[in-house]
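Here is a brisk tour of one protein chain. Keep the model open as you read.

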Amino acid sequence: MRRRIISIAAICAVLTGPSFGAVAQAQPLYTEEVPTKHLKKLTIPVAWANGYSGKGIRVAIIDTGVNKNSKLLSNVKERYSFTTDNPYTKKINEGDVLDRFEEGHGTGVAGIIGAKPIKDNEDFSIFSVAPKVTIASYKYKDGTEDGDVKELIEAVDQAISDKADIISISSGLQSDIPALHRVIKKAYAKNIVVVASAGNNKMKSVTYPARYKEVIAVTSISAKNKRSTFANYGSGIDFVAPGENIPTIAVNGELYTASGTSFATPFITGMVALLKEQYPYSTPQQLKEKLIASSKDLGVEGYDTTFGYGMPHYTYVEPQSSLAPSSFKVSGITDHTAILKFTKSAEDTWDSLIISLHDEEIARTKKTSYTLKNLTADEVQLVSVRALNAQGDAAEPVEATFITKVDTTPPTQATNIQFRVATNKKARISWDVKNTPDYAYAKIYLDGQYVGKSRTSSFTTKKLATKKTYKASVVVYDTSGLSSSKVTAKLAIH
């Protein structure tokens, strides 16, 4: 499904756009470049005309790797590999970061999302959606062998740790893997947008992870807006995008055309990056709703299982400044809690509020009050509130500082006490400590006798007798010296 179309030495030249500094979004971008017909079809140049190109947005591409040999992909800042080397292929190291899938798979996906403009091409000079995104490559499969779902899960988890804004996955599985779904839910909970391809099996069945409700599922259409003959469809499809004969970058840095739902997906990924740049505080669901609102309905009226919500078009909406709450105050301060109260008058434009504690987002609310919990006692707390209007435009945050009261609340007691026996007959006792932000340590007792303390949530005992049941007790202490009630569990050594 791949065909080489161009082979010119100048293909690696970079056409550098003007630098607009702090006012870049107020200035049109890529006004002299000629976009591909696919970009025009999705009205991507409208975003550039209004200064949006994905700048500051981190896209994680989980695929076959993204090669380094093209200056067109200079914005690929990091490359990871989760594949393992096959010792039987002596001349190939599958565990490296290289893309060796035929003409290129991960490299091609990256090219559609965020390649630089090119020079000296007759038909077009810009073929990516968001040329200024920051790309990180996470290789989980190699062109010489299939990928492992365990490696896919590890790659998603690493992208979460790396604070990706968007995760793009142009591959899929026929089966639901609970561990994969859990890590996708984790990404969604962190406000990371996950976009995935539906698969190329000609089936009325969407592959995983695209089928998960937390993921934006993309399938392919032809130049005539018909479903591609190879493309999967069915329940769970969200959007369609061009997926036939798409210009992008091969592993050697040249251009070629690629087809498949894998290459429709990065168009939607790139469009999400443009929207995320304009609405940086929007949730995955809010960004999806913006795609829905801008989609051209291609099938029966409304949602259908062939075209989903249709084909999105980038639609520019003039930013409207959101006003902060008319008033914002902190009340009811205790050792571990405080109440935030907001006023919403007829003049207020805010629809929701982002609440951050010490510069880290902890909650979003549409209500006029919010209770902060699990605060550290007798400590200065910095809380900020950022208002968003219904469109997703943000106001500047308003901040407040206060000091929690001296600790008078004992920590919560330990839960889920367990023994984990080692081969040398020692045993590790573990427990859970919840809702105790000022946890200091725990004291451990066996059959009522004190055996030690731990600043973590586990403790390794000395040698114990086998075939005996012990009573293990745990008492939790906080930094103020207050203690919980003793919790005891009967635990057997086998």
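## Helix α5

This is a predicted model. The buried residues of α5 are Leu180, His181, Val183, Ile184 and Ala187. Viewed down the helix axis, these buried residues fall within an arc of 165 degrees, so they line one face of α5.

What do the buried residues of α5 pack against? Their partners are α4 (149–161), β5 (166–169), β6 (193–197) and β7 (215–221). The helix itself covers residues 178–189, twelve in number. From first C-alpha to last, α5 reaches 16 Å, close to the 16 Å expected at 1.5 Å a residue. Asparagine 191 follows α5 and has a positive phi, near 65 degrees.

## The chain as a whole

The chain has 494 residues, and 52% of them are buried. It holds seven helices and 26 strands. Its C-alpha trace spans about 80 × 70 × 45 Å along the principal axes. Take the contacts between residues at least 6 apart in sequence: 67% of them join residues at least 24 apart.

## The seven-stranded sheet

Two of the strands that α5 packs against, β5 and β6, are among its contacts and also belong to an open sheet of seven strands. The strand order is β3-β4-β2-β5-β6-β7-β8, and the pairing is parallel. Strands β3 (76–81) and β8 (239–242) are the edges, each pairing on one side only. From one strand to the next, the twist averages 25 degrees.

Strand β3 runs parallel to β4 (residues 134–139), and five bridges join them. Here arginine 79 stands opposite serine 137 in β4. Helix α3 (residues 106–114) packs on this sheet and touches β2 (58–63), β4 and β5. The direction of α3 makes about 155 degrees with that of β2.

## Two nonpolar cores

In soluble globular proteins, nonpolar side chains tend to be buried together. Which residues have the most contacts inside the largest nonpolar core? They are Ile44, Ile216 and Ile268, in a core of 59 residues. Helix α6 (residues 261–278) gives the largest share of this core, nine residues.

Setting aside residues up to four places away in sequence, Ile268 touches Val195, Ile216, Val218, Phe239, Val240, Ala241, Leu291 and Pro312.

## Antiparallel strands

A second open sheet has three strands, in the order β20-β21-β24, with antiparallel pairing. Strands β20 (415–421) and β24 (458–460) each have a single partner strand, so one side of each is left without a neighbour in the sheet. The twist here averages 15 degrees from one strand to the next. Five bridges link β20 with β21 (residues 427–432). Threonine 415 has aspartate 432 of β21 as its bridge partner.

Strand β25 (residues 468–478) and β26 run antiparallel, joined by seven bridges. Alanine 472 stands opposite alanine 489 in β26. In a regular strand the side chains alternate between the two faces of the sheet. Strand β26 (residues 487–493) shows alternating side chains. Val487, Ala489, Leu491 and Ile493 point to one face and are buried.

Strands β22 (residues 439–446) and β23 (residues 449–454) pair in the antiparallel sense over five bridges. The bridge partner of alanine 442 is serine 454 in β23. These two strands form a hairpin, with two residues between them. In the turn, aspartate 447 has a positive phi of about 50 degrees.

Now turn to serine 222, in the loop between β7 and β8. Is serine 222 buried or exposed? Its relative accessibility is 13%, so serine 222 counts as buried, the cut-off being under 20%. Beyond its neighbours within four places in sequence, serine 222 is in contact with Lys41, Ser228 and Glu244. How far apart are serine 222 and aspartate 447? They are 225 residues apart in sequence and 73 Å apart in space, C-alpha to C-alpha.

Note on methods: Residues numbered from 1 in each chain as written. Heavy atoms only, no water. Core = buried A, V, L, I, M, F, W, Y, C linked by side-chain atoms within 4.5 Å. Buried < 20%, exposed > 50% of the residue type's maximum accessible area, 1.4 Å probe, protein only. Helix = DSSP H or I, 4+ residues; strand = E, 2+ residues; numbered from the N terminus. Contact = heavy atoms within 4.5 Å. Expected span 1.5 Å × (residues − 1). Arc of directions from axis to C-beta. Pairing = 2+ DSSP bridges. Axes fitted to C-alpha atoms, helices over the stretch in contact; angles between N-to-C directions.
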